[in-house]
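Biologist: Could you put the model up and take me through the terms used for it?

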Amino acid sequence: MRATAIVTPLAFSQKFSGRGNLPPGATGALAAFDDLRNGFAAAQTDHVADAARVNKRETPQRGFGPLHNADSCGSCHFNPVTEAISELSEFHARQRDENGLFADAAGDSLINSDALAGAPLPYVPDREKMPTFRFTLNVLGDGYVEAIAGETREEIARSQADSSGGRLAGQGIRAPLLEAPGQTRAARFDWENQHASLISFFADDIRGRWGLRLNRHNISRRGKVK
Ligand code: HEC
């Protein structure tokens, strides 16, 4: 990603709602899997150091495990560069609740696929299976997605049926912001749109995939684990 200009959220929405070209002064979003800094990191060496953090392996001393899926973000997000996609998937189980409604398996829908030596793997009863395999999503570009105003996303969803002649009609949903209790925002991350900010995503992610038990008090505003 060589260029440093960024596309505005408005331009992004116009591009995707088919309502026109970029406004004056805006350029298209960066798009390249070249492992070069994107203009936010001051130097290429910073970008390389960031990638090393993504690939850093967690340890039980830092609270990793016993159940987990992998011990670094880069274990799943690596193809063709760090933080991109991969063919790795996760198993999610669901069940019908007492009212016959679709619900998570007891505890969590994510069923961990690995455990530290000596720890038993989770047992999933047949009634809870209703399985889904979710493939790893791309993290590159999520900063742009985060920057889009919630109202813009909701407006895109509302206008889609008209602008696509009824072929497409998105449904906007809101998700709780884990870092701001009581507040919600237009959801945007994960296959089921269950998160509205990258900090919320991160807190849930390291709990689910790494087994770290965190709450909002030990995640700083920049998403760093204290
Ligand atoms: C075991 C494999 C695995 C590991 C390890 C993993 N991810 Fe992911 N990642 C996934 C999968 C699968 C999804 C889609 C999950 C879903 O929809 O519920 C995903 C989704 C995401 C998303 C949402 C992307 C979007 O645009 O919606 C982000 C951000 C992300 N991961 C960041 C991370 C970070 C940061 C880490 C390390 C803390 C990490 N991931 C570790 C597999 C993994």
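What follows is a short exchange about a predicted model.

Biologist: How many helices and strands does the chain have, and how do they run?

Modeller: The chain has 5 helices and 9 strands. From the N terminus on, the order is α-α-β-β-β-β-β-β-β-α-α-β-β-α.

Biologist: Why is Asp35 called partly exposed?

Modeller: Asp35 has 15 other C-beta atoms within 10 Å. A residue is buried at 20 or more and exposed at 12 or fewer. The value for Asp35 falls in between, so Asp35 is partly exposed. Asp35 sits in the loop between helix 1 (9-17) and helix 2, and has a positive phi of about 60° although it is not a glycine.

Biologist: What makes Asp190 buried, exposed or partly exposed?

Modeller: Asp190 has 14 C-beta neighbours inside 10 Å. Buried needs 20 or more, and exposed needs 12 or fewer, so Asp190 counts as partly exposed. Its place is the loop between strand 9 (184-186) and helix 5. Asp190 also has a positive phi, of about 80°, without being a glycine.

Biologist: How much of the chain is buried?

Modeller: Buried residues make up 15% of the 226 residues.

Biologist: Which residues come nearest to the ligand?

Modeller: Asp190 is one of them, with Asn69, Cys73, Cys76 and Trp191, out of 25 residues around the ligand. The shell around the ligand divides into 13 nonpolar, 5 polar and 7 charged residues. Helix 5 gives the most to this shell, with 6 residues.

Biologist: Why is the ligand said to lie between domain 1 (89-135) and domain 2 (149-226)?

Modeller: Both domains give residues to the shell around the ligand, so the ligand lies between them.

Biologist: What is the span of helix 4, and what is expected?

Modeller: Helix 4 (residues 150-163) has 14 residues and reaches 19 Å from its first C-alpha to its last. Just after helix 4, Gly165 takes a positive phi of about 60°.

Biologist: What is the omega of the peptide bond from Gly65 to Pro66, and is that bond cis or trans?

Modeller: Omega is near 0°, and the bond is cis. Pro66 lies in the loop between helix 2 (44-54) and strand 1 (67-68). The bond from Asn79 to Pro80 is cis too, with omega near 5°, and Pro80 is in the loop between strand 1 and strand 2.

How values were computed. Residues numbered from 1 in each chain as written. Predicted model: local features only at pLDDT ≥ 70, side-chain atom pairs only at ≥ 80, totals over all residues. Near = placed C-beta within 6 Å. Helix = DSSP H or I, 4+ residues; strand = E, 2+ residues; numbered from the N terminus. Nonpolar A, V, L, I, M, F, W, Y, C, P; charged D, E, K, R; others polar. Domains from an automatic or database assignment. Expected span 1.5 Å × (residues − 1).
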